[in-house]
Amino acid sequence: MPAAPQPAPKPGVRAKRSFLASGLGIALFSSAVFGLSGSFAKALLETSWSPGAAVTARLTGAALILAVPAVPALRGRWHQLRDNWVTILLFGLIGVAACQLFYFNAVARLSVGVALLLEYLAPVIIVLWLWTASRKRPRVLTIGGTLLSLAGLVLVLDLAGAVKIDLVGVFWGIAAAVCLAIYFFITAKENDSLPPIVLASGGLLVGAAVMWLAAATGLLPMTFSTADTTLGPWVTPWWVSLAGLVILATVLAYVSGIVAARALGSKVASFVSLTEVLFAVIWAWLLLGELPGAIQLLGGMLIVGGVILVRLDELRSPVDRRGGAAGPAPKAASPLEHANDVEPVP
């Protein structure tokens with residue numbers, strides 16, 4: 001007998017499945033959980049945790065958890081680690097340890113949203129560096145995006161405002177942006193020989209080892225606390241914030257980001273990842289009662305808008321770049337071309 005026909009799914013169910021299958025839902029989820037890191041970290045910092053201790057605990061816990069799927073992903077090809085040890089080392093040192101330590105130092109002195117916006121100036125730093133090094137003027141769209149982001153930076157700093165912003169915190173935020181820019185240069189060349197989950201796990205392990213070594217030599221202050229943390233209306237044990245920082249804002253964020261990059265492609269995923277700023281501001285408002293001023297929010301919109309323009313120009317097709325001429329134009333690997341293959345943003 002022929003099988004009975006199955007009822008067609010309702011339109012709302014079909015739309016939901018399509019949304020998730022496209023990878024867009026996963027990418028937004030990744031941005032949302034990445035955006036939690038600043039709030040969880042600040043909850044710990046406000047109970048006398050040092051930034052170095054928060055980063056070290058985050059990296060150690062996440063590295064151990066991600067090692068579980070990373071080992072089978074290698075499929076016994078341990079030579080991949082040997083062949084890519086430089087990439088793993090630099091990713092761990094710069095894209096993980098330094099980037100997150102500087103960001104957490106900024107969060108300790110600034111609001112979460114302002115600290116993350118400063119870090120998102122990395123594409124502008126790349127443009128200015130390439131402009132200075134090559135002495136070749138960028139295209140109009142890139143120049144416009146750079147100027148827009150710099151104007152947004154002035155508003156975010158709100159230099160003429162009644163409340164003076166912490167300049168040391170600004171320094172740490174910009175230092176995190178420089179680390180992010182360096183990371184993009186490191187990973188500009190596509191490398192398919194190493195699974196992204198292995199790179200993420202290896203980088204976190206290297207970053208954790210570096211932090212513990214710095215603490216053992218006295219270079220990095222380590223202060224932990226078992227005092228309760230405050231998240232929104234809830235007073236929770238310290239390990240709740242730490243677990244959120246490790247499991248949600250690191251493990252789930254990295255894994256879902258990798259899945260999204262595979263589903264959407266690194267180019268589209270890198271654009272969706274810009275929503276992390278929005279999620280970070282919302283989470284800080286809900287969990288910490290922090291909300292940047294109106295001028296700073298406007299500046300944040302300009303920074304994100306400028307980054308979007310820079311990336312749009314970066315991802316234009318060779319035909320567009322040559323004014324409609326036929327045939328592909330050769331181009332060097334772009335620092336933003338694989339910006340979201342393994343996202344280093346906290």
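**Group meeting: contacts and helices in a predicted model**

Lys42 counts as buried, at 9% relative accessibility. Buried here means under 20% relative accessible area, exposed means over 50%, and partly exposed is in between, with a 1.4 Å probe and protein chains only.

Before I go on, this is a predicted model, in which local features need pLDDT of at least 70 and side-chain atom pairs count only at pLDDT 80 or more, while totals for chains, interfaces and linings use all residues. Residues are numbered from 1 along each chain as its sequence is written, and side-chain values use heavy atoms, with hydrogens and water left out.

Back to Lys42. What does its side chain meet in a salt bridge? The partner is Glu290, at 2.7 Å from N to O. The term salt bridge stands for a side-chain nitrogen of Lys or Arg within 4 Å of a carboxyl oxygen of Asp or Glu. This pair links distant parts of the chain, 248 residues apart: Lys42 is in helix H3 (residues 37-45), and Glu290 is in the loop between helix H14 (275-288) and helix H15 (294-314). On naming, helices (H or I, at least four residues) and strands (E, at least two) are DSSP runs, numbered from the N terminus. Glu290 is buried as well, since its relative accessible area is 15%.

How many salt bridges does the structure hold? There are 2. Asp166 is partly exposed, with a relative accessible area of 25%, and Arg109 is partly exposed at 44%.

Then a helix pair: the axes of H7 and H14 come within 8 Å and cross at roughly 160°. Axes are lines fitted to C-alpha atoms, for helices over the stretch in contact, and angles run from 0 to 180 degrees between N-to-C directions. H7 and H14 are therefore roughly antiparallel to each other; angles under 35 degrees count as roughly parallel, over 145 as roughly antiparallel, 65 to 115 as roughly perpendicular and the rest as oblique. Their crossing is right-handed, that is, the near helix is turned clockwise from the far one by less than a right angle, with anticlockwise being left-handed.

Now some C-alpha contacts across the sequence. Asp158, in the loop between H9 and H10, is partly exposed at 25% relative accessible area. From Asp158 to Ile295 is 137 residues in sequence and 6.9 Å in space, C-alpha to C-alpha. Leu194, in the loop between H10 and helix H11 (196-216), is buried at 8% relative accessibility. Its C-alpha atom is 8.2 Å from that of Leu74, 120 residues away along the chain. Phe224 lies in the loop between H11 and strand E1 (229-231) and is partly exposed, at 44%. Phe224 and Leu44 are 180 residues apart along the chain, with 8.8 Å between their C-alpha atoms.

Last, the backbone. Ser48, in the loop between H3 and helix H4 (51-74), has a phi near 85°, a positive value in a residue other than glycine. Most residues other than glycine have a negative phi.
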